[in-house]
Amino acid sequence: RLVHASQLEAIVCGRQMLMLSGNEMDGKVRLFLFDFDHTLVDGNSDLVVFEHLEPDLVSELMSLSKEVGWTSAVDGCLGMLAARGYTIENIRDAVARLAMGENLVNELKSLKDHGDVVILSDANSEFIDAVLMRHGLKYSFHHIITNPARREGGRLRVSPCQDPPAGCASCPSNLCKGSVVSELLKLRQDQPYSQVIYAGDGSNDVCPATRLGAEDVVLARKGFSMYKTLSKKKVALKSALVGWSTHDELATHLRALRHGT
């Protein structure tokens, strides 16, 4: 597999230093951006851990999130799991149960040869890694921009991706995906992406979608808030909007886009 890294740039997301490289394919470079929860996987990675291991902590998570925010609440409840004797491997095994369609997995393995492939998610690095490892996708993405997880004292800790916050009124304080997308596009301003494809589902995927241009494509999951907002034209969207419901449909759209159809 020939991958020509024509450009190396560093971007900072909170305390993470990420390197973004460009693949040149016939002079055109696409950027494929993916949300994680309810997009690449069928479910919420934060919730599935507690639902599987200690269901009573789900209500604790919901209550705590109203006081300290979602990411800090997840961090706190992971501490409660550790106090009850659960290991990091127990947690990884629980989150790795999240389903990914076989056709989507196969398509994702092909995308890296056709552009820059990035996960942009409000989950966390440990949960995402567990799922990608389970499905053989660990090396299918150039980078993962998300809330960083770390192992500390035998337990898992999660920190905000952006600290201090980006200050976006539309996004949670720990991660404005729109600001990240704008930064990624800025890094390529001398050699712009020929097309950006953004796949998502939630309300926090609307902001990055509005940063895209007329040549770009938004793949929004039907039945979720992103598609409802964009299809009803509640916000201005320059790019094409394509709805999908299943992983098979998402894989079909991705395959057509990488073939330029």
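## Two helices side by side

Let's start with a pair of helices: the axes of helix H1 (residues 45-53) and helix H3 (residues 70-83) come within 11 Å of each other, and they cross at roughly 25°. This picture comes from a predicted model. Angles under 35 degrees count as roughly parallel, so H1 and H3 are roughly parallel to each other. Their crossing is left-handed.

Which residues of H1 and H3 make the contact? On the H1 side, they are Asp46, Leu47, Val49, Phe50 and Leu53. H3 contributes Trp70, Val74, Cys77, Leu78 and Leu81.

Most residues other than glycine have a negative phi.

His38 is not a glycine, yet its phi is positive, at about 65°. You can find His38 in the loop between strand E3 (30-34) and H1. Is His38 buried or partly exposed? Its relative accessible area is 25%, so His38 is partly exposed.

Look for Lys233 in the loop between helix H9 (225-231) and strand E10 (240-244). Residues over 50% relative accessible area count as exposed. Lys233 has a value of 72%, so this residue is exposed.

Technical notes: Residues are numbered from 1 along each chain as its sequence is written. This is a predicted model: local features need pLDDT of at least 70, side-chain atom pairs count only at pLDDT 80 or more; totals for chains, interfaces and linings use all residues. Side-chain values use heavy atoms; hydrogens and water are left out. Axes are lines fitted to C-alpha atoms, for helices over the stretch in contact, and angles run from 0 to 180 degrees between N-to-C directions. Helices (H or I, at least four residues) and strands (E, at least two) are DSSP runs, numbered from the N terminus. Angles under 35 degrees count as roughly parallel, over 145 as roughly antiparallel, 65 to 115 as roughly perpendicular and the rest as oblique. A crossing is left-handed if the near helix is turned anticlockwise from the far one by less than a right angle, and right-handed if clockwise. Contact means heavy atoms within 4.5 Å. Buried means under 20% relative accessible area, exposed over 50%, partly exposed in between (1.4 Å probe, protein chains only).
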